[in-house]
Amino acid sequence: MLRVGLIGWRGMVGSVLLERMREEGDFSGIEAIFFSTSNVGGAAPQESAGGAALQNAGDLKQLAGCDVLISCQGGEYTTEVYGPLRQSGWRGYWIDAASTLRMKDDAVIILDPVNGSVIQQGLAKGIRTYAGGNCTVSLMLMGVGALFQAGLVEWMTTMTYQAASGAGAAKMLELVSQMDCLVDPVRKTPSENALEVDRMTMQVQRSPSLPKQEFGVPLVGSVLPWIDRGMPGGQTREEWKGMAETTKILGLDPPVPVDGICVRVGTMRCHSQALCIKLTKDVSLRDIEQMLDGANQWTRVIPNDKQSTLHCLTPTAVSGTLNVPVGRLHKLNMGPEFLGAFTVGDQLLWGAAEPLRRMLRILRSHLGK
Ligand code: HSE
């Protein structure tokens with residue numbers, strides 16, 4: 001039986017991963033070993049092999065006893081442990097949610113409904129490091145990857161609406177605290193006058209007492225057009241990942257330009273993106289819709305009408321599901337080769353946990369275990 005070690009399973013992405021693994025019966029047929037950085041020797045989840053206690057996530061020997069390690073512990077942990085573990089001679093498979101190893105030559109970015117063949121080539125070449133992609137890029141490719149695969153994208157801009165969850169659990173909690181503070185004065189002094197209510201809420205947003213330890217600024221009632229650190233040339237790192245990771249995930253040579261503005265909005269766990277795609281040729285909307293709808297079982301084309309859009313193409317409709325709707329498909333005023341689109345996906349599922357558990361499945365079938 002494959003010995004599979006799990007690290008960071010208690011955090012937000014790790015919890016979603018465990019939930020999904022349970023739902024899909026992924027624990028049957030593997031020997032699951034649970035690691036901890038803070039509670040070594042504590043009780044492990046019921047799936048733990050032989051009911052064993054939590055092992056030490058900092059102990060290279062214990063880690064090296066696993067055939068596969070799945071980490072949701074974060075980039076710092078990967079930076080600390082991965083190098084020494086490999087240097088110690090460990091030749092197991094490392095599956096990681098963090099960005100640390102993504103762009104390394106000997107790592108594959110995993111998003112199998114889109115790049116299953118790249119993953120298979122990696123396995124055949126003996127690659128042993130597999131990293132989940134940036135959530136925004138993964139969700140964009142789940143939505144419109146078929147157009148890239150058909151060679152139909154000359155370039156693309158993506159304007160994002162990214163949920164608080166992408167920045168971590170503490171940010172989600174802070175967003176809700178901010179929401180609570182925002183409505184508090186209106187609760188206390190109800191008013192039917194929109195301008196008066198606006199003044200009250202603006203006062204809260206600008207008040208030093210608004211909880212903003214995490215974001216540093218109010219996200220509630222606002223949008224933050226900056227995610228991650230700055231890069232040379234004026235992009236943010238989140239924006240830089242758009243082209244870098246798309247190229248690597250799909251193995252594009254030459255690369256296709258992808259760029260845009262990444263924006264944090266006050267949603268909880270769904271990232272949305274407005275896309276402008278310059279097609280390599282004029283393709284009919286009907287053909288595009290067929291291509292996208294048939295790409296995989298989770299991508300669904302939403303008819304470009306008001307009712308369908310408002311009911312099916314929003315974070316509210318998608319949150320907590322594996323659906324990746326793509327809609328608002330229409331040709332833009334710039335010409336018949338310019339396609340407008342909007343897509344939504346759950347940042348914690350396809351954007352983080354789901355590709356990891358699927359990689360374990362792929363690996364098991366590759367190894368025949
Ligand atoms: N960097 C993303 C975000 C998280 O801030 O939303 C997922 O890769």
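Reader: What share of the 369 residues in the chain is made up of buried residues, and what makes a residue buried?
Author: The share is 51% of the 369 residues. Buried means under 20% relative accessible area, exposed means over 50%, and partly exposed lies in between, with a 1.4 Å probe and protein chains only. The model is predicted: local features need pLDDT of at least 70, side-chain atom pairs count only at pLDDT 80 or more, and totals for chains, interfaces and linings use all residues. Residues are numbered from 1 along each chain as its sequence is written, and side-chain values use heavy atoms, leaving out hydrogens and water.

Reader: Which residues does Glu47 contact, leaving aside neighbours within four places in sequence?
Author: They are Arg22, Phe27, Ala32 and Phe34. Contact means heavy atoms within 4.5 Å.

Reader: Why is the chain called as compact as a globular protein of that length?
Author: First, the make-up: 12 helices and 13 strands. The radius of gyration is 22 Å, close to the 21 Å from the globule rule for 369 residues, so the chain is as compact as a globular protein of that length. The radius is taken over C-alpha atoms, and the rule is 2.2 Å times the number of residues to the power 0.38. Along the principal axes, the C-alpha atoms fill a box of roughly 65 × 55 × 40 Å.

Reader: What makes a nonpolar core, and which residues have the most contacts inside the largest one?
Author: A nonpolar core is a set of buried Ala, Val, Leu, Ile, Met, Phe, Trp, Tyr and Cys residues, joined through side-chain atoms within 4.5 Å. The largest one has 68 residues, and Leu6, Val144 and Phe148 have the most contacts inside it. Helix α5 (residues 135-149) gives the most to this core, with nine residues. A second, separate core of 14 residues includes Tyr77, Val81, Leu85 and Trp94.

Reader: What does Phe148 touch, not counting residues up to four places away in sequence?
Author: Its partners include Met140, Val153, Thr246, Leu250 and Val258.

Reader: How do you know where Arg86 sits, and what is in contact with it?
Author: Arg86 falls in helix α3, which covers residues 75-87. Leaving aside neighbours within four places in sequence, Arg86 is in contact with Arg91, Gly92, Trp94, Arg128 and Thr129.

Reader: What makes phi of Asp228 worth a note, and is Asp228 exposed, partly exposed or buried?
Author: Phi is near 75°, a positive value in a residue other than glycine. Asp228 has 39% relative accessibility, between the 20% and 50% limits, so it counts as partly exposed. Its loop runs between α7 (194-206) and α8.

Reader: What about phi of Arg328?
Author: Arg328 is not a glycine either, yet its phi is positive, about 55°. The residue lies in strand β12 (residues 324-331). Its relative accessible area is 36%, so Arg328 is partly exposed.

Reader: What kind of peptide bond joins Asp253 and Pro254, and how do you know?
Author: The bond is cis, with omega about 5°. Pro254 is in the loop between α8 (237-250) and β9 (258-261).

Technical notes: Helices (H or I, at least four residues) and strands (E, at least two) are DSSP runs, numbered from the N terminus.
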